[in-house]
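The sequence and structure come first.

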Amino acid sequence: MEPSTSYGGQVTFQPYATQGYVLCCLCGTSILPNPSNMCVNCIRSQVDITEGIQKQVTILWCKECGRYLQPPKHWVSAELESKELLTFCIKKIKGLQKVKLVDAGFIWTEPHSKRLKVKLTIQAEVFNGAILQQTFVVDYVVENNMCPDCNRQNANPNSWVACVQLRQHVHHKRTFLFLEQLILKHDAAANCVKVKDIHEGIDFFYAQRGHALKFIDFLQSVVPIRFRADKQLVSHDTHNNTYNYKFTFSVEIVPLCKDDLVCLPAKMASSCGNLGPLVLVTRITNQITIADPITLRSYSMDAPVYYRHPFTALASQRALVPFVVLDIEPVPGAHGNNSRFQLAEAQVARLSDFGRNDTVFYARTHLGNILHPGDTALGYDMTASQLVGLDYEAFVNKGGRVPDVVLVRKSYEDKRRKRHAKGGTAVARPWKLKTLDMEVEDNTSGPRGRNEAAVEADRERFLQELEEDPDMRARINIYKDAERLKQQQQQVGPEHHRQQQQRVIPVGAVGDDDDDDGDEDLPQIPLEELLDDLEGLNLEEGQQAAGGRGEDGNADMDMD
Amino acid sequence: MATRCQFENSNDVGVFAKLTNAYCICALGGAENFYSVFEAELSDHIPVIKSSVAGTRLVGRLTVGNRNGLLLPNTTSDQELTHIRNCLPDEVVVQRIDERLSALGNCIACNDYVALIHPDIDRETEEIVADVLGVEVFRQTVAGNVLVGSYCAFTNQGGLVHPKTSIEDLDELSSLLQIPLVAGTVNRGSDVIGAGLVANDWAAFCGLDTTSTELSVIESVFKLRDAQPMNIINDLRASLIDTMA
């Protein structure tokens, strides 16, 4: 008979092969063949792959801060049954190098039992090639041990390591109000131990020098500052030559504010391209922007540039005098490089003179596109005021021409007063701002103490500025005040509400439709810019809001 | 009757011994224990000889044979050839062959009627095998392994193959060899069957590590349970009387 030429594995098609069963060599149960040819139970009884792995581990925990010690020095913070705690626990087990970890999880233990249980599943090779998987439990005993940071804090409370002393030498605190909102928006004071409100500034205290430096970096990006760093030795360990210091950073903000009148020193004026020495400060961000009201040119400078030839304000907000605009004529073709400014010839009279005598001033102003005849504008009265400054006097002595009146901005005071007189609650603003909680100095009396009236006035002026200036609003978070909003809408009534909605103008009006049309352009913050204050919502409202938003989402999906 | 033994502490008895129905060859060892086990079992019925092949003790893996003949690799020395020829009965043809794959015990597995050979063996060797051993030769693999002599062991009564042999392969081999086959292990889960055990129609020897489960499988498939030589003769007598009567 011819030998068969069937070559087992060398055919071109894959033959169908079912695995047969063999008997386990130890217990005789029928199993699928594996490299050890023993059933799983026999292998388990022969070999224990968890041998050599620690089954009981001790970990140290600080009761004050809830952190676990990772030797030698690092304390890691983790919640019970969290991913970080699981990673930490697995790292603590000795003997896991030789086996492969497949799965790990917590077994629930009582929170106060000071025991943690972790269930691990590992794989290892046994005999020749067979891989065995086994699950086992590791017990952790949690022991109390106070970490050095809590120790230091308990021994010496209220101690700080770094302090940022922020100062601005002007007569109001509006910059700090704005800065507070910026800090809240960017969450820059997260690591602060304490914030203290001081005459002419704010102090921020930190537990680490790095946090203070980070805060100073943040400040540098939002206001023009200069600062210096100092340190004071607290203690000295002679054995390891380590020194403990207290670091103090003195930060000074440039003493200029928006709407200040400034006379530039000669050198500065020439380096700005001969900008007329009398200029207005238009914006303070991390750069100072000054603009000439007559030529409409503006210039921005950094803090270092400012401090090369520093100059102070000639006249600031307190010296503003209200003027009535009698007539205004725009000068054709003269727009500044930003279309916000328009050169115009205005005929103004002081509000105090209006109707009493005929004192009229002629002035060139940059507010051509905002002012109309009959409007009130605030400006600096150069004839009647005493302006002191070395650069100003030098300029005048050299024969520089000083304008009679420099108009700064439009005034909405009388409109506000009218609105206030009309109805009490209608005037309440439907928005609010969050505040940073600061410690305030206790001494309320004496020249160095706080003047409550001045503080309130500053705050009111700050809120008005927010209403008037959309650029400033864009940099901070403003929240809806739900109750006041509801009250306003109830007061106005459904018909007026509909009318208001029909008028598609950014400045919404809430007043009656009949009398004053001047009420229309009282600047208000449009509702679209207001954010939902999520923390202020209680749970049901939040769920409703989420449900509403969820429905919108579904609608979108249906449209797809 | 299956017996457990060890050759110098090694459980691979199939490496150091070759057992057929007509003779048994053992390796030369330091201690006589191994030889004496075989002698006690077999010397009443068949010659049990000690020899080396190619100067090595691996007689089981280098040689292949059955009751009709014995094949030796080309590395066998002349003295060994002569010694073996002298010791074995005259009916057994001893032949030295020239084959590239010289570990004949690993490449060829046979009983008195059928042989399985490594798929790459030369045609001349195949013819010599068919001629000297008087068998039908099939080129086959066992569980995908080409070393058929290592991964299976069979006698005229039955055979044991590699545990990973699929059921289709098992059926195919069984129909080729015309004997019952079973997939199993020897020496506590080892899948190298041919090295782990030697068997003939009435006796089998395996390593000391073989578990009782494995031993019972071996005894049942090789039909050794009550296999004394007298029983075979009784079976024969019974069938003769049947036909006569």
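Does L296(A) count as buried or exposed? L296(A) counts as buried, at 4% relative accessibility; buried means under 20% relative accessible area, exposed over 50%, and partly exposed in between, with a 1.4 Å probe and protein chains only.

## Basis of the values

This is a predicted model, in which local features need pLDDT of at least 70 and side-chain atom pairs count only at pLDDT 80 or more, while totals for chains, interfaces and linings use all residues. Residues are numbered from 1 along each chain as its sequence is written, chains are lettered from A and ligands numbered from 1 in the order in which they are written, and side-chain values use heavy atoms, with hydrogens and water left out.

## Backbone geometry

Most residues other than glycine have a negative phi, and most peptide bonds are trans. L296(A) is not a glycine, yet its phi is positive, at about 65 degrees. The loop that holds L296(A) runs between β16 (287-291) and β17 (298-302) of chain A; helices (H or I, at least four residues) and strands (E, at least two) are DSSP runs, numbered from the N terminus.

N9(B), also not a glycine, has a positive phi of about 70 degrees. Its place is the loop between β1 (2-5) and α1 (13-16) of chain B. N9(B) is exposed, with a relative accessible area of 65%. In chain A, the peptide bond from P71(A) to P72(A) is cis, with omega near 5 degrees, and P72(A) sits in the loop between β4 (67-70) and β5 (74-77).

## Largest cavity

There are four cavities of 30 Å³ or more in the structure. A cavity is a set of points, on a 1 Å grid over the protein atoms alone, where a 1.4 Å probe fits but cannot get out, and lining residues have an atom within 4 Å of a point. The largest cavity holds about 340 Å³, a volume being the space filled by probe spheres set on the points.

Its lining has 26 residues, with K18(B), L19(B), C110(B), F154(B) and A199(B) nearest the centre. Two or more lining residues come from each of β2 (17-19), β8 (108-110), β11 (152-154) and β14 (197-199) of chain B. By class, the lining has 10 nonpolar, 11 polar and five charged residues; Ala, Val, Leu, Ile, Met, Phe, Trp, Tyr, Cys and Pro count as nonpolar, Asp, Glu, Lys and Arg as charged, and the others, Gly among them, as polar.

## Second largest cavity

The second largest cavity has a volume of about 280 Å³. Of its 18 lining residues, F178(A), K258(A), I284(A), E465(A) and M472(A) lie nearest the centre. The largest share of this lining, three residues, comes from α4(A). Seven lining residues are nonpolar, four polar and seven charged.

Conventions
1 Å grid on protein atoms, 1.4 Å probe; cavity = no way out; pocket = protein on both sides within 12 Å on 5 of 7 lines; lining within 4 Å.
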